[in-house]
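Good morning, and thank you for the time on today's agenda. Please look at the sequence and the structure as they come up, and I shall then take you through a few local features.

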Amino acid sequence: MKILSPKKLLISMWIILVVCLYPCIFMYTQNIAEEGGDSILFPMEFFILVAIFIYGITLLVYKSAERATLFAAFFMIIFMNYSFVKKMFIRLDIPVNEIVFGIIALIIIIGMGVFLKKTKKKVEISLPIVGLVFSALIIMNIAMSIPQIVNSNENIKETKVNYAKDKSFKENVYFFIFDEYGGKANLKYYFDYDNTDFLNKLRDKGFSVSDNTYNRESVYTYDIVPNIFNLEYVTDTNNTPAKNKSALNNPVLFKFFKNLGYEINVINHQRYLNTKDCNVLFESNKKAIVNNEHSIGDYVLKNSFFNYIDKLANYTRDRKDYAKFVKGFFDDYIRDARKMFDCFENSWKEAKDKPTLTVGYFACPHRPCVFDENGNENNYKELYKYKKTYIGYLKYLNKEILNYVDNIKKNDPNAIIIFQADHGARIPLFSMNEYNMDDYNEKVESEMMQNAFNCVYFGNKKDKNIEGLSCINTMRYVLNELYKTDYKMIKPKENYIVSWKYDLNDND
């Protein structure tokens, strides 16, 4: 009888394929709203190649396709979940170090190998069960994700522009979003940092400040910023990021000011905004080079034994060369950030000739936190250590904001200035591995992450109260005050929850 007939080979490849694909497909379908599926291609290919290699070696040892297939499948289950299981041991307070855990895993693998070699039982009976179970799991996960994919094509809300009734106000308007700038409660809760001194300085300069702004629809930029620019809840958290960001194509805010005859100038850090038909004052050279530093594929790989294979495949550079590569990457980003701040400081100079709406999106104090409070560069190895570097970066940003306000008040005294954030610092999102599931209060943590920076300088118009308004309602309030529109305050979306989930992020 042939060791490897075409039928046996087909069955073997089927089982190897479904076993290797399952963790990748599971992670993708659980996070389908966050990114496309291309990031899981490398883990898929890598796992399949490892499995085929193990299968080929054990086929020579066992002289049996069935036993080689079972061993390869068993080996891959351990290989693909190695880091996950080890971290679960740690989470359960089971003392086990790297060496001990590795020895345990090796003993289990060798034990399975010896069992398959010596057993007289017909192990081929279990092959269809393994194949069917993993095939069913894959089909079930794909089926459960179909409604989300289908709905994502239908959930961008069309919003009518409520144009100005009084067009006499033609002063310049400056509107800036600082990604991840926490509100007062957010900063106190996560960093025990009191931002009152800075907020009071803004009040002394004539700003209306809200300490209790919560953008409750989400904790993700791609869900929140399009809503602010459209003065309405146009996005859906079930959509893909690309779908929600499409609402930034000529949003309501731009249409409104274009109708008034305003020029629109844009500072576009990380190329987040759509700048069509706008004057671009600054735009990053690369698009979104930091906002997705951890893809689904990264998590799948970090979940596996790959996490212990030093710089394998695309990561096989020499350590020094790799360090140079990483440092060079962040050097580029730091230069980009300095240009952004320089443009921010001088943006008023580009708003002299006619009424201008100056809009800026700044990926700060979002990580990587490149500057300390004095504007010095942080060590590139520390840029994602959020708890170490966030407050320093925030303090530096506060100084830049105060200098900017002084510049505007001196050179454009009747201008309107709006500073907002999409959400606050998201410690749980980046460091979920520090939270035990039983101790994680999803309602409290979600609300704290939604507490955002929000303040407005109304020029000569004093005593305006925006306390407690969401960023959307703040924009509506501003337009009502300046242009006599009749935007109603809309009820915030609520009940968005960031649930606890096992996280493999080791950056913090």
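K201 and D197 form a salt bridge, their closest N and O atoms lying 3.4 Å apart. By salt bridge I mean a side-chain nitrogen of Lys or Arg within 4 Å of a carboxyl oxygen of Asp or Glu. Because the two residues are four apart in helix α7 (residues 196-204), about one helical turn separates K201 from D197. Helices (H or I, at least four residues) and strands (E, at least two) are DSSP runs, numbered from the N terminus.

A word on the basis of all this: the model is predicted, local features need pLDDT of at least 70, side-chain atom pairs count only at pLDDT 80 or more, and totals for chains, interfaces and linings use all residues. Residues are numbered from 1 along each chain as its sequence is written, and side-chain values use heavy atoms, with hydrogens and water left out.

Across the whole structure, the search finds 13 salt bridges. In another of them, R476 meets E232, with the closest N and O atoms 3.6 Å apart. That pair links distant parts of the chain, 244 residues apart: R476 is in helix α16 (residues 471-483), and E232 is in the loop between α8 (221-230) and α9 (241-245). R476 is buried at 7% relative accessible area, and E232 is buried at 14%. Here buried means under 20% relative accessible area, exposed over 50%, and partly exposed in between (1.4 Å probe, protein chains only).

K354 and E263 also join in a salt bridge, at 3.6 Å from N to O. K354 sits in the loop between α12 (319-346) and β5, while E263 is in strand β3, so this pair ties together parts 91 residues apart in sequence. Both residues are partly exposed, K354 at 37% and E263 at 29%.

How many residues of strand β5 are buried? Seven of the seven, residues 356-362, are buried, so the strand is largely enclosed by the rest of the structure. On one side lie T356, T358, G360 and F362, and on the other L357, V359 and Y361. Strand β1 (residues 173-178) pairs with β5 in the parallel sense over six bridges, and V173 has L357 as its bridge partner. Strand β3 (residues 263-268) likewise pairs with β5 in the parallel sense over six bridges, with I267 partnered by G360. Pairing requires at least two DSSP bridges between two strands.
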